[in-house]
Amino acid sequence: KFTFDGETLEGKTLVAFEELTFEGNLIAIHKDAEDLGQTIVVPKIRTNATDMQTGTQNSNADSTVTIEDEVSFDNLYIGREYTVEGMLMDKATGEPLLDANGNTITASTTFIAGGDDAEETGETISGTVTLTFTFDGSALAGTTAVAFETLYYDGKEVAVHADLSDEDQTIWFPSLETEATDTADGDHTINGNGIVNIRDQVTFTGLIVGERYRLEGVLMDKATGMPFLVNGQAVTAETTFVPETSDGTVEVMFTFD
(Lines give C-alpha, C1' and ligand atoms only; values in the text may rest on other atoms or scores of the structure.)
Protein backbone atom coordinates (compact mmCIF):
# COMPACT_ATOMS: atom_id res chain seq x y z
CA LYS A 1 0.00 0.00 0.00
CA PHE A 2 1.21 3.47 -0.92
CA THR A 3 -0.13 6.17 1.41
CA PHE A 4 0.68 9.79 0.57
CA ASP A 5 -0.64 13.32 0.11
CA GLY A 6 -2.05 13.50 -3.43
CA GLU A 7 -3.14 17.13 -3.27
CA THR A 8 -0.75 18.25 -6.04
CA LEU A 9 -1.32 15.31 -8.39
CA GLU A 10 -4.35 16.54 -10.38
CA GLY A 11 -4.11 15.52 -14.02
CA LYS A 12 -1.13 13.23 -13.49
CA THR A 13 -0.75 9.55 -14.34
CA LEU A 14 1.05 7.28 -11.88
CA VAL A 15 2.64 3.90 -12.59
CA ALA A 16 3.67 1.49 -9.84
CA PHE A 17 7.09 -0.13 -10.27
CA GLU A 18 8.00 -3.21 -8.18
CA GLU A 19 11.13 -5.09 -7.25
CA LEU A 20 11.16 -8.44 -5.47
CA THR A 21 14.15 -9.43 -3.37
CA PHE A 22 15.06 -12.61 -1.50
CA GLU A 23 17.79 -12.61 1.12
CA GLY A 24 18.95 -9.25 -0.21
CA ASN A 25 19.12 -10.41 -3.80
CA LEU A 26 16.97 -8.96 -6.58
CA ILE A 27 15.02 -11.84 -8.12
CA ALA A 28 12.15 -10.14 -10.04
CA ILE A 29 11.26 -6.74 -11.50
CA HIS A 30 8.11 -5.28 -12.96
CA LYS A 31 8.73 -1.80 -14.34
CA ASP A 32 6.60 -1.08 -17.36
CA ALA A 33 5.35 2.48 -17.81
CA GLU A 34 2.90 1.27 -20.48
CA ASP A 35 1.27 -1.42 -18.34
CA LEU A 36 -2.32 -0.34 -17.72
CA GLY A 37 -2.57 -2.80 -14.86
CA GLN A 38 0.09 -0.81 -13.00
CA THR A 39 -1.44 2.55 -13.84
CA ILE A 40 -3.43 4.99 -11.73
CA VAL A 41 -4.83 8.15 -13.32
CA VAL A 42 -5.70 11.25 -11.32
CA PRO A 43 -8.45 13.26 -13.08
CA LYS A 44 -8.46 17.04 -13.14
CA ILE A 45 -11.34 19.46 -13.66
CA ARG A 46 -11.46 23.23 -14.12
CA THR A 47 -14.43 25.45 -14.94
CA ASN A 48 -15.45 28.71 -16.56
CA ALA A 49 -18.86 30.13 -15.61
CA THR A 50 -20.77 32.73 -17.67
CA ASP A 51 -24.26 34.18 -17.67
CA MET A 52 -26.14 32.98 -20.75
CA GLN A 53 -28.00 36.28 -21.21
CA THR A 54 -25.03 38.64 -20.97
CA GLY A 55 -22.30 36.30 -22.19
CA THR A 56 -20.11 37.61 -19.36
CA GLN A 57 -19.50 36.89 -15.70
CA ASN A 58 -21.95 39.65 -14.71
CA SER A 59 -25.54 38.51 -14.25
CA ASN A 60 -28.76 40.47 -13.80
CA ALA A 61 -30.52 39.52 -10.58
CA ASP A 62 -33.91 38.78 -12.13
CA SER A 63 -36.46 35.99 -11.87
CA THR A 64 -34.87 33.74 -14.49
CA VAL A 65 -31.09 33.39 -14.41
CA THR A 66 -29.19 30.84 -16.48
CA ILE A 67 -25.53 30.21 -15.74
CA GLU A 68 -23.53 27.96 -18.04
CA ASP A 69 -20.47 26.39 -16.46
CA GLU A 70 -18.05 24.86 -18.94
CA VAL A 71 -16.17 22.09 -17.16
CA SER A 72 -12.79 21.18 -18.67
CA PHE A 73 -11.61 17.70 -17.74
CA ASP A 74 -8.29 15.97 -18.13
CA ASN A 75 -7.17 12.36 -17.67
CA LEU A 76 -10.51 10.56 -17.93
CA TYR A 77 -10.65 7.03 -19.32
CA ILE A 78 -12.13 6.92 -22.81
CA GLY A 79 -15.47 5.11 -22.92
CA ARG A 80 -16.21 5.33 -19.20
CA GLU A 81 -19.32 7.06 -17.84
CA TYR A 82 -18.77 9.97 -15.48
CA THR A 83 -21.10 12.37 -13.65
CA VAL A 84 -20.25 15.95 -12.80
CA GLU A 85 -22.31 17.76 -10.16
CA GLY A 86 -22.19 21.48 -9.45
CA MET A 87 -23.42 23.84 -6.74
CA LEU A 88 -23.35 27.62 -6.55
CA MET A 89 -21.74 28.99 -3.40
CA ASP A 90 -21.97 32.41 -1.74
CA LYS A 91 -18.46 33.85 -1.93
CA ALA A 92 -18.99 36.07 1.12
CA THR A 93 -19.99 33.24 3.45
CA GLY A 94 -18.59 30.12 1.82
CA GLU A 95 -22.04 28.54 2.26
CA PRO A 96 -24.37 27.27 -0.49
CA LEU A 97 -26.08 30.12 -2.33
CA LEU A 98 -29.88 30.15 -2.03
CA ASP A 99 -32.30 31.24 -4.74
CA ALA A 100 -35.32 33.48 -4.13
CA ASN A 101 -37.27 30.45 -2.87
CA GLY A 102 -34.62 29.46 -0.33
CA ASN A 103 -33.35 26.48 -2.32
CA THR A 104 -29.75 25.54 -3.06
CA ILE A 105 -28.74 25.98 -6.71
CA THR A 106 -27.43 22.77 -8.26
CA ALA A 107 -26.90 21.13 -11.63
CA SER A 108 -25.54 17.81 -12.87
CA THR A 109 -24.85 15.93 -16.08
CA THR A 110 -23.69 12.43 -16.96
CA PHE A 111 -21.44 11.81 -19.96
CA ILE A 112 -19.14 9.27 -21.56
CA ALA A 113 -15.57 10.46 -21.96
CA GLY A 114 -14.77 10.53 -25.65
CA GLY A 115 -18.39 10.64 -26.78
CA ASP A 116 -21.50 8.50 -26.47
CA ASP A 117 -20.18 5.86 -28.88
CA ALA A 118 -16.67 5.66 -27.42
CA GLU A 119 -15.43 2.25 -26.29
CA GLU A 120 -12.99 1.61 -23.47
CA THR A 121 -9.43 1.47 -24.74
CA GLY A 122 -7.48 1.98 -21.53
CA GLU A 123 -6.35 5.37 -22.82
CA THR A 124 -7.28 8.74 -21.36
CA ILE A 125 -8.70 11.88 -22.90
CA SER A 126 -9.27 15.59 -22.24
CA GLY A 127 -12.42 17.49 -23.12
CA THR A 128 -15.27 19.67 -21.91
CA VAL A 129 -18.82 19.28 -20.71
CA THR A 130 -21.33 21.98 -19.76
CA LEU A 131 -23.41 22.31 -16.60
CA THR A 132 -26.46 24.60 -16.74
CA PHE A 133 -27.84 26.29 -13.61
CA THR A 134 -31.32 27.83 -14.04
CA PHE A 135 -32.91 29.56 -11.05
CA ASP A 136 -34.77 32.56 -9.64
CA GLY A 137 -32.06 35.11 -8.88
CA SER A 138 -34.31 38.05 -8.04
CA ALA A 139 -32.99 38.21 -4.45
CA LEU A 140 -29.30 38.06 -5.38
CA ALA A 141 -28.43 41.69 -6.23
CA GLY A 142 -25.07 42.51 -4.66
CA THR A 143 -24.15 38.83 -4.27
CA THR A 144 -21.13 37.05 -5.72
CA ALA A 145 -21.58 33.39 -6.64
CA VAL A 146 -18.87 30.77 -7.16
CA ALA A 147 -19.53 27.47 -8.93
CA PHE A 148 -18.15 24.34 -7.21
CA GLU A 149 -17.95 21.04 -9.13
CA THR A 150 -17.37 17.42 -8.21
CA LEU A 151 -16.64 14.61 -10.68
CA TYR A 152 -17.83 11.04 -9.94
CA TYR A 153 -17.06 7.67 -11.48
CA ASP A 154 -19.08 4.63 -10.45
CA GLY A 155 -20.56 6.67 -7.60
CA LYS A 156 -17.14 7.60 -6.20
CA GLU A 157 -15.63 11.09 -6.07
CA VAL A 158 -12.60 11.31 -8.37
CA ALA A 159 -12.04 15.07 -8.79
CA VAL A 160 -13.15 18.32 -7.16
CA HIS A 161 -12.81 21.96 -8.08
CA ALA A 162 -13.95 24.13 -5.19
CA ASP A 163 -12.02 27.40 -5.00
CA LEU A 164 -13.80 30.51 -3.72
CA SER A 165 -10.97 32.70 -5.05
CA ASP A 166 -11.08 31.36 -8.63
CA GLU A 167 -12.46 34.18 -10.77
CA ASP A 168 -13.14 31.82 -13.69
CA GLN A 169 -15.74 30.10 -11.49
CA THR A 170 -17.26 33.39 -10.31
CA ILE A 171 -20.47 35.20 -11.26
CA TRP A 172 -21.15 38.74 -10.02
CA PHE A 173 -24.70 40.04 -9.47
CA PRO A 174 -24.28 43.84 -9.42
CA SER A 175 -26.46 46.16 -7.38
CA LEU A 176 -27.04 49.91 -7.70
CA GLU A 177 -28.14 52.57 -5.22
CA THR A 178 -28.30 56.26 -6.06
CA GLU A 179 -28.61 59.65 -4.44
CA ALA A 180 -29.69 62.58 -6.60
CA THR A 181 -28.96 66.14 -5.42
CA ASP A 182 -29.06 69.68 -6.74
CA THR A 183 -25.51 70.71 -7.65
CA ALA A 184 -26.22 74.29 -6.54
CA ASP A 185 -26.56 73.49 -2.82
CA GLY A 186 -26.41 69.69 -2.46
CA ASP A 187 -29.98 69.20 -1.26
CA HIS A 188 -32.99 67.48 -2.83
CA THR A 189 -34.88 70.65 -3.84
CA ILE A 190 -34.23 72.58 -7.05
CA ASN A 191 -35.11 76.05 -8.26
CA GLY A 192 -37.31 75.59 -11.30
CA ASN A 193 -36.03 78.72 -13.06
CA GLY A 194 -33.53 78.33 -15.89
CA ILE A 195 -30.97 75.59 -16.30
CA VAL A 196 -30.92 72.88 -13.65
CA ASN A 197 -28.05 70.49 -12.86
CA ILE A 198 -28.78 67.32 -10.90
CA ARG A 199 -25.91 65.13 -9.78
CA ASP A 200 -26.81 61.48 -9.28
CA GLN A 201 -24.17 59.61 -7.29
CA VAL A 202 -24.47 55.91 -8.03
CA THR A 203 -23.08 53.41 -5.54
CA PHE A 204 -22.37 50.04 -7.18
CA THR A 205 -21.37 46.61 -5.92
CA GLY A 206 -20.33 43.48 -7.77
CA LEU A 207 -18.62 44.88 -10.87
CA ILE A 208 -15.64 43.23 -12.52
CA VAL A 209 -12.46 45.25 -12.03
CA GLY A 210 -10.95 46.44 -15.30
CA GLU A 211 -14.04 45.88 -17.45
CA ARG A 212 -15.77 48.79 -19.22
CA TYR A 213 -19.33 49.66 -18.19
CA ARG A 214 -21.87 52.21 -19.41
CA LEU A 215 -24.23 53.72 -16.85
CA GLU A 216 -27.44 55.22 -18.23
CA GLY A 217 -29.90 57.33 -16.26
CA VAL A 218 -33.35 58.81 -16.92
CA LEU A 219 -35.47 61.14 -14.80
CA MET A 220 -38.95 59.79 -14.11
CA ASP A 221 -42.18 61.60 -13.22
CA LYS A 222 -43.10 60.17 -9.80
CA ALA A 223 -46.80 60.95 -10.25
CA THR A 224 -47.17 59.06 -13.55
CA GLY A 225 -44.29 56.58 -13.45
CA MET A 226 -43.38 57.74 -16.96
CA PRO A 227 -40.21 59.52 -18.15
CA PHE A 228 -40.09 63.20 -17.14
CA LEU A 229 -40.30 65.28 -20.34
CA VAL A 230 -38.80 68.68 -21.12
CA ASN A 231 -39.90 70.13 -24.46
CA GLY A 232 -41.24 66.67 -25.29
CA GLN A 233 -37.92 64.92 -24.63
CA ALA A 234 -36.91 62.60 -21.83
CA VAL A 235 -34.12 63.87 -19.58
CA THR A 236 -31.25 61.39 -19.73
CA ALA A 237 -27.58 61.15 -18.81
CA GLU A 238 -24.88 58.54 -19.20
CA THR A 239 -21.24 57.86 -18.49
CA THR A 240 -18.73 55.16 -19.32
CA PHE A 241 -16.25 53.99 -16.72
CA VAL A 242 -13.80 51.25 -15.78
CA PRO A 243 -14.03 50.34 -12.07
CA GLU A 244 -10.79 50.01 -10.13
CA THR A 245 -12.59 48.14 -7.36
CA SER A 246 -15.57 45.79 -7.38
CA ASP A 247 -17.55 48.19 -5.14
CA GLY A 248 -17.49 51.96 -5.57
CA THR A 249 -19.26 55.07 -6.82
CA VAL A 250 -19.68 56.92 -10.11
CA GLU A 251 -21.66 60.06 -11.02
CA VAL A 252 -24.02 61.02 -13.83
CA MET A 253 -25.15 64.60 -14.42
CA PHE A 254 -28.60 65.61 -15.63
CA THR A 255 -28.71 69.11 -17.16
CA PHE A 256 -32.01 70.54 -18.44
CA ASP A 257 -34.31 73.57 -18.54
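**Close-up 1. The lining of the largest pocket, to which strand β15 gives the most, with four residues.** In this predicted model, the largest pocket holds about 340 Å³ of space, and of the 18 residues that line it, N58, P174, L207, Y213 and R214 are the closest to its centre. Strands β14 (196–205) and β15 (213–218) each supply at least two residues of this lining, which divides by class into nine nonpolar, five polar and four charged residues. A pocket is here an open set of points, on a 1 Å grid over the protein atoms alone, where a 1.4 Å probe fits, with protein on both sides within 12 Å along at least five of seven lines, and lining residues have an atom within 4 Å of a point. Grid points are joined across faces, edges and corners, and the volume is the space filled by probe spheres set on the points. Ala, Val, Leu, Ile, Met, Phe, Trp, Tyr, Cys and Pro count as nonpolar, Asp, Glu, Lys and Arg as charged, and the others, Gly among them, as polar. Strands are DSSP runs of E with at least two residues, numbered from the N terminus. Residues are numbered from 1 along each chain as its sequence is written, and side-chain values use heavy atoms, with hydrogens and water left out. Because the model is predicted, local features need pLDDT of at least 70 and side-chain atom pairs count only at pLDDT 80 or more, whereas totals for chains, interfaces and linings use all residues.

**Close-up 2. R214 of strand β15.** R214, one of the residues closest to the centre of the largest pocket, is exposed, with a relative accessible area of 53%. Exposed means over 50% relative accessible area, buried under 20%, and partly exposed in between, with a 1.4 Å probe and protein chains only. The C-alpha atoms of R214 and V242 are separated by 8.9 Å, although these residues stand 28 residues apart along the chain.

**Close-up 3. The second largest pocket, with a volume of about 230 Å³.** By class, the lining has seven nonpolar, three polar and two charged residues.

**Close-up 4. A nonpolar patch on the surface, formed by L20, F22 and I27.** Together these side chains belong to residues with about 320 Å² of accessible area, a value from the Shrake-Rupley method with a 1.4 Å probe, in which only the protein chains shown count as cover for residues. F22 is found in strand β2 (residues 18–22). Patches are made of residues with over 30% relative accessible area and no salt bridge, nonpolar side chains (Val, Leu, Ile, Met, Phe, Trp, Tyr) being joined within 5 Å and like charges within 9 Å.

**Close-up 5. Salt bridges, of which the count comes to six.** A salt bridge is a side-chain nitrogen of Lys or Arg within 4 Å of a carboxyl oxygen of Asp or Glu. One of them joins E10 and R46, whose closest N and O atoms are 2.7 Å apart; this pair links distant parts of the chain, with E10 in the segment before β1 (13–15) and R46 in strand β5 (residues 44–51), 36 residues apart. E10 is partly exposed at 28% relative accessibility, and R46 is likewise partly exposed, with a relative accessible area of 31%. Another salt bridge is formed by E251 and R199, with the closest N and O atoms 3.3 Å apart; because E251 lies in strand β21 (residues 248–256) and R199 in strand β14, the pair ties together parts that are 52 residues apart in sequence. E251 is partly exposed at 39%, and R199 is partly exposed at 28% relative accessibility. The side chains of K156 and D154 also meet in a salt bridge, at 3.8 Å from N to O, and here K156 counts as exposed at 55% relative accessibility, while D154 is exposed at 58%.

**Close-up 6. Positive phi values at N75 and N231.** N75, a residue other than glycine, has a phi near 70 degrees and is placed in strand β6 (residues 65–77), where N75 counts as buried at 5% relative accessibility. N231 has a phi near 55 degrees and is placed in the loop between β18 (229–230) and β19 (233–234); N231 is exposed, with a relative accessible area of 73%.
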